[in-house]
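Let us take a friendly walk through a protein model, one contact at a time. Have a look at the structure below, then read on.

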Protein chains: 2
Amino acid sequence: MADAYGELMAFMRDTQALASIAGRLDWDQETVMPRGAAPQRAEESAALEAVLHARRTDARMGDWIAASEAGATDDVARAQLRHIRRSFERASKVPASLASELARVTSAAQGVWAEARAADDFAAFAPTLEQVIALRREEGAALAQGGDVYDALLSDYEPGTTAAELEAMFGALRPELSVLRAAALEAEPPAPLQGQFDPDAQMKLTRKLAEAFGYDLHHGRIDKAVHPFSSGSGLDVRITTRTNADDPFNCIYSTIHEVGHACYEQNIDDAYLLTPLGSGVSMGVHESQSRIYENQLGRSRAFTGWLYGQMRDAFGDFGTADEDAFYATVNRVHDGFIRTESDELQYNLHVLLRFDLERALIAGDLTVRDLEAAWNDRFLADFGFAVDKASNGVLQDVHWSVGLFGYFPTYSLGNVYAGCLHAALRRAVPDLDRQLGQGDTRAATGWLKENVQRHGGLYEPRDVIAQATGTAPSEAPLLAYLKDKFSRIYAL
Amino acid sequence: MADAYGELMAFMRDTQALASIAGRLDWDQETVMPRGAAPQRAEESAALEAVLHARRTDARMGDWIAASEAGATDDVARAQLRHIRRSFERASKVPASLASELARVTSAAQGVWAEARAADDFAAFAPTLEQVIALRREEGAALAQGGDVYDALLSDYEPGTTAAELEAMFGALRPELSVLRAAALEAEPPAPLQGQFDPDAQMKLTRKLAEAFGYDLHHGRIDKAVHPFSSGSGLDVRITTRTNADDPFNCIYSTIHEVGHACYEQNIDDAYLLTPLGSGVSMGVHESQSRIYENQLGRSRAFTGWLYGQMRDAFGDFGTADEDAFYATVNRVHDGFIRTESDELQYNLHVLLRFDLERALIAGDLTVRDLEAAWNDRFLADFGFAVDKASNGVLQDVHWSVGLFGYFPTYSLGNVYAGCLHAALRRAVPDLDRQLGQGDTRAATGWLKENVQRHGGLYEPRDVIAQATGTAPSEAPLLAYLKDKFSRIYAL
C-alpha cells in the first residue's frame, strides 16, 4: 500500500496545486484582469481545465486507490482516500463529451442570464436555462446510476446529505419563520441607517474588522469586486468586498461573511496543505462558518455595541443615538425582493423557495416555461407582496445559469449548522458577550478553529457538526436563537 | 501535412495558454500575492512547469513537426514550425534531470544572492554561483553539441546571433563611448532635479504617458512593484512601475520603457494569438522597442519639451527654469555604480563589462573566486572610480543568480537596434519632432508597429531590423545619435 498511496498522494498534490492555480485565475478575472483579456483568459482556463480533467480521470488513479485502500489504517489516509475515490468516481461516471458540453453551455449561459436580467426578460433566458437543466439532469442521472438525480447533484456540494433530510429540517423551519417574520413586520420598525459613509473609510474599517475576526493578511488580501467572495485555500486565501456610500453595512457584513469562509480555509491543519483534506469539507459547513461570523457573532448585541464605537470613530456621529438603537438598526427586518440583501430572519425563506422550485425543475414536475409564474406565486405567498420585475424575482441569482442545482439549500443548511455551533459555543464560552463587547472574537474563533476549521475534510460534514456540538444537527437551535433575538428587538 | 500541422498547432495553442498562465502567476507573485503564500506558490509553479515540460518534450511533437515541415508552403506556417522545432529540440537536448536540477538551484540561488547583496558579501554567494555556472555550462554543452557553449546559451535570448558578432559591434562601440563619456563628465554639468514629487501624482502622470505612447489599458494595467517589468502577451499585457518622491524620472522612464515592451506584445498580429509567433521574437528586438520608446523618443528634446509642461501641471513649479534646462536635466550624465540607474550614454559600458566577464566565466577563463576582483578592476578602468561595496558592484544584478548567462548583451544589442530603427524612423517621418513636441507619438509608434511589432516571431531578429530599416544592423546609427545628442547638450 505504501508505494501506491505515496504515488497517489504525490499525483494528487500536483493536481491540487493546478486546481489552486485555476482558482487564482478566477480571482484575477474578478478583481484585476483587464476587461479586454476575457477571450484569452477563456482559452487559458479551458487549457488548464483540460489538464485537470485528464488528471482526475487518469487511469492510474483507480489502481492506486484500490491498492491504497487495502492497507489504509489511519484516519487521515482513510479520509484522503474517501475524498479521492469520490471525486475519481464522479469524474469517471460523467462522459467527457457531456462534461465539456456542460462547461461550454454554462459558460455561455452566464452571459445570456446577465443580459436577460438587465432587460428583465425571463423569456430571453428560458431556452438557455432549459439546455442547462437538461444537461445537469443528464449528468445527475449518470451520477445517480438509478438513484435520485437531485440527491446526486446535491452531493457535489453536500456529500452525505439527501434532499429528504433537508426537507424535514426546512419543513420545520418555514412555518415558524413565517410567523416570526409577520410579527416583526407588524411591530414598530427600527430606524434605518441614514447618511453617507466615505468608501475609503469603509475599506479601512473593514480591514480592521477582518483582522478582529482573525483573518491573516500575511496569507490573504482584501480587494474590491462586483460580488464579495473568498478564494483559495491554505497559504493564500483572498477575499473581496464592495462599498456603497449609502450602506456601509453591505461592506461590513460582506467582509465578515467572507472572512468566515477565509478563516475556515486558513485554519485547516497545515499537514493537509494541497491535499483533498486541505479545503472546507462542504458548502454547508463552509456557510456555517461565514454565517456564524456574520450573524451570531457579528450581528450580536455585544459585538454591535463595539462596532457602534468603531463606526463613530470612522464616520463621526451618523445620527444613531446609542448602542441599542444601532443594534436594532443592524438587525432591522425589512421587506425586499433580493435574497442577498435580506435580513437574518427572512433569508432562509428566500432559500427555501429556490430549493422547492429547483427540485421540481430537476424532477420534471415544473417546466422552465412555468418557472417565472411559479416563482412569483410562491413569493407572494411567502412574503405577502408581488414581484415587480424578473430581475427582482426569478432572474436575481446567477446560480442556475451556471448549472448550480443542489447548491441553494446549502445556504440554509449552513445557517442551521451555524445555529448548532452557536449554541455549543455559548456553552463552551460563558462570557462570550463580554469579549465580543470589546471587539475580541478570539475565544469564539478559537473554538471554531479547534472544533471545526482545523479538520478540513477529515470528517463527513454532518459528523463535523455533531462532534463539535455533541449532538446530531437540528434546526431547533437556529430557531430558538432567531425567536429569542427578534422577540427582544421587536418586543414580541 | 494539414492534419499533422493542425494537430500540432492545436497542441501548441494549449501549451501557449498554459505558459501564459505561468506568466500570470509570476505577475501575481511580484504585485499582489500575500507574502506568506510563497511556499504554496512554489509548489503551484512547479506543478505547472512539470505540465509544460511534459508538453514541450511530448513524443508526438517530433512526428508532427516532421510531417508538417514536408508540406509547409506559406511563410507563417514555416515560421511557426521554425520556432516549434527550435524549442522542441532545445527541450529534448537537455536531460530532464539537468533541467529540474537547474530549476531547483536557480530558484534557491536567487534568495542566496539577495541575502549576500544585503550583506555586501560576495563570498556568501560565490559557492552558489559556482553551482549555477556549472549547471548552465553543462546545459550549454548539451545544447551546443560540440559548438560554442556561450553561443548556445545566447541563442535562448537572441537566436541567430553569435558572441563574435556582438563582440565586433560592441568593440566598435566601447572606445567611442568612453571618449564621449569622459568629455561629458568634464563639461559643466546640468542641474539635477530637486524637490519632492507626490507619488500619487506620479502614478497619474505615468498613466497619461503610457496612454500617450499607445499602451492599451483595455488589454493591460499598471501596478506598482519593487522592479518595473512587463508581463504577458496578446490580450493581457501588464506593466509595473515604482515611485520615489525624490525622483519622478524613475517612475516616468521606467513606465515608458515597459510600455515599449508591452506595446510590442500588444501590437502583434491578432492571428498569432497563443501561437509561437505571438510573442516578441528576441530579447534584443524587445529591448529595441523599450529603449526607443524610453530614449530616442521619450528623452528627445521635442518630447521632453512637452513633458516639462505635463510635469508642471502635475507638480507645479519644481524649479527647473525652462524646456532646455529640463532637457539637459533629463539627460544628465552622472557617475554611478548601478547599471539600471545609468544614463543613456554610459549604460552600454555597464552591459559590456558584464558581457566580457560572463563569457570568461562560461569559457572557464575566469573563476568565481576571482570574479569580484575582475569586476572591480574593469569598473575602475571603464568608469574611473572604485567600487565601494559588492552591492554596488558584482552583486548588483539578479541575472547571474537565476542563470541568465547570455542575457546581458541583448540589452546593448537592443540599444544598437533602437539606433538603427530611430534613424529609419526619422527618414520615414520627417516632422517627427513637431509631433513629439505636442506629446503625439502616434506616427512613431505607428511606424514601429507596422515595421517591427506586428510581425511578432515571423522573421528572425536581425531580419526584422534589416527589413524595417532597409540595411543590415550596425552600431553606427546609435553612435552617431549619441554623439550628436550629447555633443549638443554638453557643447562638446
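A salt bridge here is a side-chain nitrogen of Lys or Arg within 4 Å of a carboxyl oxygen of Asp or Glu. Keep that in mind, and remember that this is a predicted model.

## Where the two chains meet

How many salt bridges are counted between chain B and chain A? The count is six. The interface of chain B and chain A also has 16 residue pairs in polar contact, with both residues at pLDDT 80 or more. On the side of chain B that touches chain A, helices α1 (2–31) and α2 (38–56) of chain B each supply at least two residues. The largest share of that side comes from α1(B), with 10 residues.

The contact is made by 36 residues from chain B and 36 residues from chain A. The size of an interface is often given as the accessible area lost when the parts come together. For chain B and chain A, about 2900 Å² is buried between them, and 61% of this lies on carbon and sulfur atoms.

Another pair to find is A:Asp28 and B:Arg238, a salt bridge with its closest N and O atoms 2.7 Å apart. A:Asp28 sits in helix α1 of chain A, while B:Arg238 sits in strand β3 (residues 238–241) of chain B, so this pair joins two chains. Are these two residues buried or exposed? Both A:Asp28 and B:Arg238 are buried.

## Two domains in chain A

Now zoom in on chain A. Its domain assignment gives domain 1 (2–93) and domain 2 (121–492). The centres of domain 1 and domain 2 of chain A, taken over C-alpha atoms, are separated by 28 Å.

Where the domains of chain A touch, 20 residues of domain 1 are in contact with 28 residues of domain 2. Together the two domains of chain A bury about 2100 Å², with 54% of it on carbon and sulfur atoms. The interface of these two domains of chain A holds five salt bridges. On the domain 1 side of chain A, α1 (2–31) and α4 (75–93) each supply at least two of the residues that touch domain 2. There are also 12 residue pairs in polar contact between domain 1 and domain 2 of chain A, both residues being at pLDDT 80 or more.

## A closer look at salt bridges

Over all chains, a search of the whole structure finds 80 salt bridges. The table lists some of them.

| Salt bridge | N to O distance |
|---|---|
| A:Glu139 and A:Arg90 | 3.1 Å |
| A:Arg78 and A:Asp75 | 2.9 Å |
| A:Asp397 and A:Arg339 | 3.0 Å |

Take A:Asp397 and A:Arg339 from the table. A:Asp397 lies in the loop between α15 (371–383) and α16 (408–428) of chain A, and A:Arg339 in the loop between α13 (323–330) and α14 (347–363) of chain A, so the pair ties together parts that are 58 residues apart in sequence. Both A:Asp397 and A:Arg339 are buried.

Salt bridges can also share partners: A:Arg24, A:Asp236, A:Arg238, B:Asp28, B:Arg41 and B:Glu44 are joined into one network in this way.

What separates A:Arg78 and A:Asp75 in helix α4 of chain A? They are about one helical turn apart, because they are three residues from each other in that helix. A:Arg78 is partly exposed, with a relative accessible area of 42%, and A:Asp75 is partly exposed at 49%.

## An annotated residue

Finally, find A:Glu258, which the UniProt annotation "active site" covers in an unreviewed entry. This residue belongs to helix α10 (residues 248–266) of chain A. Why does A:Glu258 count as buried? Its relative accessibility is 8%, and buried means under 20%.

Leaving aside residues up to four places away in sequence, A:Glu258 touches A:Pro228, A:Phe229, A:Ser230, A:Ile239 and A:Thr240. With A:Ser230, the side chain of A:Glu258 reaches the backbone nitrogen at 3.2 Å.

Key: Residues numbered from 1 in each chain as written. Chains lettered and ligands numbered in written order. Predicted model: local features only at pLDDT ≥ 70, side-chain atom pairs only at ≥ 80, totals over all residues. Heavy atoms only, no water. UniProt positions renumbered as here; feature names shortened; annotations may be inferred. Helix = DSSP H or I, 4+ residues; strand = E, 2+ residues; numbered from the N terminus. Buried < 20%, exposed > 50% of the residue type's maximum accessible area, 1.4 Å probe, protein only. Contact = heavy atoms within 4.5 Å. Polar contact = N/O pair within 3.5 Å; in protein donor to acceptor, adjacent residues only side chain to side chain. Domains from an automatic or database assignment. Buried area = accessible area lost by both parts, 1.4 Å probe.
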